[in-house]
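Dear colleague,

Please find below the structure I promised to pass on, together with its sequence. My notes on charged side chains follow it.

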Amino acid sequence: GTVPAPAPEPAVEEPHVGDATCTAGTGATLTDAECTARGIVDAATCDVETDGTVCAYVAAACADDGNACTTNTATDGVCATANVADTTSCDDGDDTTEEDVCTSGTCAGTAITEAPVPAPTSSDATCLAGTGATLTDAECTARTIVDAATCDVETDGTVCAYTAAVCVDDGNDCTTASTATDGVCSAPVNVDDDTSCDDNNDDTTNDVCASGVCVGGDTTPTNNTGSEAGTPSPSGDEQTSSASHAQVFAALASAFLLL
């Protein structure tokens with residue numbers, strides 16, 4: 001026999017989204033407009049009969065717009081969007097910001113700024129209490145910081161522990177490097193003036209030190225003709241004279257050929 005066709009599946013009804021509704025009920029004794037006229041404030045106002053035969057009530061379902069800084073709620077059956085309180089914590093989705101908060105319905109953060117890396121500094125040697133803590137820092141420092149042998153007499157760091165000086169070069173060609181003497185870093189001293197250096201400026205030449213600072217001289221300027229300053233270009237009279245001599249020689253050569 002013939003296999004009966006499967007019964008069609010009932011259509012899936014989309015969930016209601018939006019304001020509340022009050023429309024004609026199952027008895028259809030009133031129209032949609034007449035039911036709506038009852039009001040959409042709540043079910044009691046719409047479905048007076050409480051059985052949905054005359055008017056049927058569907059509560060408001062306010063859609064979420066995904067904005068953490070706003071709310072969408074129903075008042076008397078009508079959806080309305082409102083901003084949350086300013087400074088409410090949120091996430092603006094930007095990894096380069098921090099401390100994100102809501103302001104007038106918008107989430108925003110402040111740009112993350114990295115703390116500057118401090119420049120290395122020199123540090124003198126230290127002689128401090130060791131692992132045995134039998135002497136205090138002050139008592140160990142009293143042994144002096146000249147060297148490890150003077151500080152750590154026991155040579156095992158149990159009584160006093162020694163840390164050598166770390167003297168940082170400031171990178172200035174016009175000062176001497178800082179070095180440790182008896183555990184203390186020396187202050188940079190200016191090298192002799194006129195010592196050759198490099199001021200890292202390509203527009204200067206003959207760079208030399210002056211009072212601990214590298215200073216460059218001006219580059220040789222050029223005039224509009226491309227020749228170096230101080231070298232005069234031929235005057236107009238000289239150029240005219242050269243041209244006249246050439247014309248004379250040409251005329252003599254032509255006359256000679258006619259002879």
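Which residues does aspartate 100 touch, not counting those up to four places away in sequence? Please bear in mind that this is a predicted model. The contacts of aspartate 100 are Thr88, Ser89, Cys90, Asp91, Asp92, Cys107, Ala108 and Gly109.

Aspartate 100 belongs to strand S5, which covers residues 97-103. Although buried, aspartate 100 has no salt bridge; arginine 38, the nearest side chain of opposite charge, is 49 Å away. Its side chain does make a polar contact, at 3.3 Å, with the side chain of threonine 97.

One joins arginine 38 to glutamate 49, with 2.9 Å between the closest N and O atoms. Arginine 38 is in helix H1 (residues 32-38), while glutamate 49 is in the loop between helix H2 (43-46) and strand S2 (55-58), so this pair ties together parts eleven residues apart in sequence. Both partners are partly exposed: arginine 38 has a relative accessible area of 25%, and glutamate 49 has 29%.

Arginine 143 and glutamate 154 also form a salt bridge, their closest N and O atoms being 3.1 Å apart. Here arginine 143 sits in the loop between helix H3 (137-141) and helix H4 (148-151), and glutamate 154 in the loop between H4 and strand S8 (160-163), so the pair links parts that are eleven residues apart in sequence. Arginine 143 is partly exposed at 22% relative accessible area, as is glutamate 154 at 29%.

With kind regards

Methods. Residues are numbered from 1 along each chain as its sequence is written. This is a predicted model: local features need pLDDT of at least 70, side-chain atom pairs count only at pLDDT 80 or more; totals for chains, interfaces and linings use all residues. Side-chain values use heavy atoms; hydrogens and water are left out. A salt bridge is a side-chain nitrogen of Lys or Arg within 4 Å of a carboxyl oxygen of Asp or Glu. Helices (H or I, at least four residues) and strands (E, at least two) are DSSP runs, numbered from the N terminus. Buried means under 20% relative accessible area, exposed over 50%, partly exposed in between (1.4 Å probe, protein chains only). Lys and Arg count as positive and Asp and Glu as negative; His and the chain ends are not counted. A polar contact is a pair of N or O atoms within 3.5 Å; within protein, one must be able to donate a hydrogen and the other to accept it, and residues adjacent in sequence count only if both atoms are side-chain atoms. Contact means heavy atoms within 4.5 Å.
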